[in-house]
Amino acid sequence: QFASMLSPVPRPVHLKLFLGIAALLLSACEAARLPPHIGRVRGGAGEQQLSKDEMFAFDEALPWLSYVREHGVQQFVAMFHDNKALTSDELLWGDEIEYHLVRLDEKQKTAKVALRAEEVLEVLRQKEHQFGRRDGFGEACSWHPEYGAWMVEGTPRVPYGGYTADLRRVEHNMRLRRKRLAAVLRPDEHAITMPAFPTLGVGDFAEPAAAAGNDATLSASAPDALITPLPRFHALTRNIRLRRGSKVDIRAPLLRDAKTDAAELARGIEMDAMAYGMGCCCLQVTFQARDIDESRHLYDHLAVLAPVMLALTAATPVLHGRLADTDV
């Protein structure tokens with residue numbers, strides 16, 4: 001099993017880290033026998049998925065925050081000391097690919113995000129359960145929800161190893177995932193691998209049309225219907241806004257041309273919902289190193305290589321329907 005790591009494409013990385021830490025802290029709450037309706041974070045490359053339990057509202061969580069922080073850190077330190085001397089004889093690693101589900105209307109010449117991820121995921125899981133290999137021989141896939149209701153994440157069911165044969169598995173498994181995903185989409189739907197959907201939040205951009213309610217985001221352009229209907233994602237969106245005391249305020253530099261208004265240039269491209277960050281897709285890779293020293297060595301190398309990868313994979317020239325002054 002492998003979990004999400006840092007992405008080499010534009011994405012609010014601190015939120016990824018927050019979700020990982022939240023999983024640890026919630027386990028501390030569970031150990032302390034807090035009320036049973038606290039949401040639990042489960043999952044991995046196998047069958048388990050995110051829990052659909054209720055989540056604490058921000059004001060309900062406030063009395064528990066100091067306890068959770070203290071005991072979460074204590075639990076982490078204890079687990080670290082228990083496991084810091086462990087080594088693994090085998091390199092295990094894997095990739096995660098996130099896809100935009102997009103509906104293309106050839107007659108109207110329109111492209112819209114298809115808000116059918118939950119439905120598509122259910123079909124994919126049923127087919128994997130029925131036909132996917134579970135014995136470790138041959139390739140199989142695992143499917144997971146993402147933040148956006150138009151987003152799907154696919155991983156290999158069995159992680160790759162450290163042999164040449166494993167390197168040859170990567171492209172084969174990626175092709176298998178795309179083939180299986182395409183097989184359950186409608187004729188006018190496509191799985192697109194690009195960081196940001198260019199016209200998200202602009203005009204009639206979703207199919208079916210997104211409902212207007214925005215209790216979680218209070219966004220003027222990205223309604224709550226864009227969020228995958230899991231309590232975790234809605235609670236995360238609402239609680240971050242409440243903690244900030246204001247809506248999300250994402251700014252990207254606007255491309256300057258001969259007719260660009262100075263005031264518009266100063267404001268940049270304005271985006272007021274987490275969907276503009278968490279709604280980005282990427283390719284992620286996760287490694288299980290032999291021990292903590294090898295992990296640090298790998299991390300130090302990736303810290304140097306990541307900016308190069310970011311430049312090489314730059315693919316985000318348009319955000320919220322406007323040309324940006326950067327393509328990363």
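Is glutamate 294 buried, exposed or partly exposed? With a relative accessible area of 28%, glutamate 294 is partly exposed (buried is under 20%, exposed over 50%, partly exposed in between, with a 1.4 Å probe and protein chains only). The model here is a predicted one, so local features need pLDDT of at least 70 and side-chain atom pairs count only at pLDDT 80 or more, while totals for chains, interfaces and linings use all residues. Residues are numbered from 1 along each chain as its sequence is written, and side-chain values use heavy atoms, with hydrogens and water left out.

Now to the salt bridges. Glutamate 294 pairs up with arginine 290, with 3.8 Å between the closest N and O atoms; a salt bridge is taken as a side-chain nitrogen of Lys or Arg within 4 Å of a carboxyl oxygen of Asp or Glu. Arginine 290 is partly exposed too, at a relative accessible area of 44%.

Because glutamate 270 sits in strand E8 (residues 269–271) and arginine 251 in strand E7 (residues 250–252), the pair ties together parts that are 19 residues apart in sequence. Helices (H or I, at least four residues) and strands (E, at least two) are DSSP runs, numbered from the N terminus. Both partners are partly exposed: glutamate 270 has a relative accessible area of 36%, and arginine 251 one of 45%.

A further salt bridge joins glutamate 264 to arginine 322, with the closest N and O atoms 3.0 Å apart. Here the pair ties together parts that are 58 residues apart in sequence, because glutamate 264 belongs to helix H7 (residues 262–267) and arginine 322 to strand E11 (residues 322–323). Glutamate 264 is partly exposed at 24% relative accessibility, and arginine 322 is partly exposed at 31%.

On a 1 Å grid over the protein atoms alone, a cavity is a set of points where a 1.4 Å probe fits but cannot get out, and lining residues have an atom within 4 Å of a point. Grid points are joined across faces, edges and corners, and volume is the space filled by probe spheres set on the points. The second largest cavity holds about 50 Å³, and its lining includes Phe197, Met271, Tyr276, Cys280 and His320. That lining splits into eight nonpolar, two polar and no charged residues (Ala, Val, Leu, Ile, Met, Phe, Trp, Tyr, Cys and Pro are nonpolar; Asp, Glu, Lys and Arg are charged; the others, Gly among them, are polar).

His320 also turns up in the backbone geometry. Most residues other than glycine have a negative phi, and most peptide bonds are trans. Histidine 320, however, has a positive phi near 55°. This residue is found in the loop between strand E10 (318–319) and E11, and is buried at a relative accessible area of 17%. Lysine 109 has a positive phi as well, near 60°, and sits in the loop between strand E1 (92–105) and strand E2 (110–114). At 67% relative accessibility, lysine 109 is exposed. Finally, the peptide bond from glutamate 207 to proline 208 is cis, with omega near -5°.

Definitions and conventions: On a 1 Å grid over the protein atoms alone, a cavity is a set of points where a 1.4 Å probe fits but cannot get out, and a pocket is an open set with protein on both sides within 12 Å along at least five of seven lines; lining residues have an atom within 4 Å of a point.
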